[in-house]
Amino acid sequence: MMKVMKSLCARVESAKDRRPVAIAFLGDSVTHGCFEVYVNRQGNVDTRYRPDQGYPARLKRRLDLLYPAAAVSVINAGISGDNAPGGLARLERDVLSFRPDLVVVGFALNDCMNKAPDALMTYRGAMGQIMDRVLESGAECLILTPNFMNEYLDPALPQGVLRDIAQDTMRAQKEGVLESYVRAAKEEAARRGVPVADAYARWQAMGKAGVDTTSLLANHINHPLPELHELFAEEILRAMMEE
């Protein structure tokens, strides 16, 4: 069981003697609470933001149900389009400055789209540094692996920039590029004894069971439907409670 769970119990027993428990989420658009995407009037790709439907908010609702007197605080430091190096650059400002008890880190979807020869090494290094700095701060760290991206081009996607993006994400998913980033994150976590909430494994299991995982993406590319954010919340809570 992670120390954060013991802190929640202690806060329930005596809120007067304990500071509020804070959980921070560092990640990309899925963490941020992004769902459908569209091309706006300026011709740029934009997204629908519904952070109340994202997994940080859903985890808070679960913890409020289980530990109502703890009144857990959640910091959502997800930014649409961000990657692990970007998260590392803003770690102090957006996360550690709040002195969280736990930091949940979820990157890979944008990192795996980087076509630079050293992209995977850059990702691995940034994830390792994020974990090191979180642990050095005295907080616990938890790695959250991502969902699947699209495995085919959905007919609902219009011709143009969105379909072009979907071509690239489909390639990264089907050719195992995203999976190699997931593996790298898990290896860096294992080196440091950092637990993993393996949502990617859940998506793999669904795929093997014949589930059309692409139909579970709100934007037909890489943003899960709101209901699938429950899966992330489940995996995080499982990892927090696991002996």
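This is a predicted model: local features need pLDDT of at least 70, side-chain atom pairs count only at pLDDT 80 or more; totals for chains, interfaces and linings use all residues.
Visitor: How much space lies in the largest pocket?

Guide: The largest pocket holds about 300 Å³. Its lining has 17 residues, and those closest to the centre are Val-45, Asn-110, Ile-165, Asn-222 and His-223. Two elements, strand S3 (45-49) and helix H7 (161-174), each give two or more residues to that lining.

Visitor: How does the lining of the largest pocket divide by class?

Guide: There are 9 polar residues, 7 nonpolar and 1 charged.

Visitor: What is the volume of the second largest pocket, and which element gives the most to its lining?

Guide: The volume is about 190 Å³. Helix H1 (residues 3-13) gives the most to the lining, with 3 residues. By class, this lining has 5 charged, 4 nonpolar and 3 polar residues. Among the lining residues are Lys-3, Arg-19, Arg-99, Asp-101 and Glu-140.

Visitor: Take Asp-101. Where is its place, and with which side chain does its own side chain make a polar contact?

Guide: Asp-101 sits in the loop between helix H5 (91-94) and strand S5 (102-106). Its side chain makes a polar contact with the side chain of Arg-19, at 3.5 Å. Leaving out residues up to four places away in sequence, Asp-101 touches Val-4, Ser-7, Arg-19, Pro-20, Val-21, Ala-22, Ala-139 and Glu-140. Several of these, including Val-4, Ser-7 and Arg-19, also line the second largest pocket.

Visitor: Now the cysteines. How many disulfides are there?

Guide: A disulfide is read from the distance between two cysteine sulfur atoms, with a cut-off of 2.5 Å. The count here is 0.

Visitor: Are Cys-112 and Cys-9 buried, exposed or partly exposed?

Guide: Cys-112 is buried, because its relative accessible area is 5%. Cys-9 counts as partly exposed, because its relative accessibility is 30%.

Visitor: Last, the backbone. What is phi at Arg-99 and at Ala-108?

Guide: Phi of Arg-99 is near 50°, a positive value in a residue other than glycine. Ala-108, also not a glycine, has a positive phi near 160°.

Visitor: Where do Arg-99 and Ala-108 lie, and is each buried or exposed?

Guide: Arg-99 is in the loop between H5 and S5, and it counts as exposed because its relative accessible area is 57%. Ala-108 is in the loop between S5 and helix H6 (119-136), and it counts as buried because its relative accessibility is 0%.

Note on methods
Residues are numbered from 1 along each chain as its sequence is written. Side-chain values use heavy atoms; hydrogens and water are left out. On a 1 Å grid over the protein atoms alone, a cavity is a set of points where a 1.4 Å probe fits but cannot get out, and a pocket is an open set with protein on both sides within 12 Å along at least five of seven lines; lining residues have an atom within 4 Å of a point. Grid points are joined across faces, edges and corners, and a volume is the space filled by probe spheres set on the points. Helices (H or I, at least four residues) and strands (E, at least two) are DSSP runs, numbered from the N terminus. Ala, Val, Leu, Ile, Met, Phe, Trp, Tyr, Cys and Pro count as nonpolar, Asp, Glu, Lys and Arg as charged, and the others, Gly among them, as polar. A polar contact is a pair of N or O atoms within 3.5 Å; within protein, one must be able to donate a hydrogen and the other to accept it, and residues adjacent in sequence count only if both atoms are side-chain atoms. Contact means heavy atoms within 4.5 Å. Buried means under 20% relative accessible area, exposed over 50%, partly exposed in between (1.4 Å probe, protein chains only).
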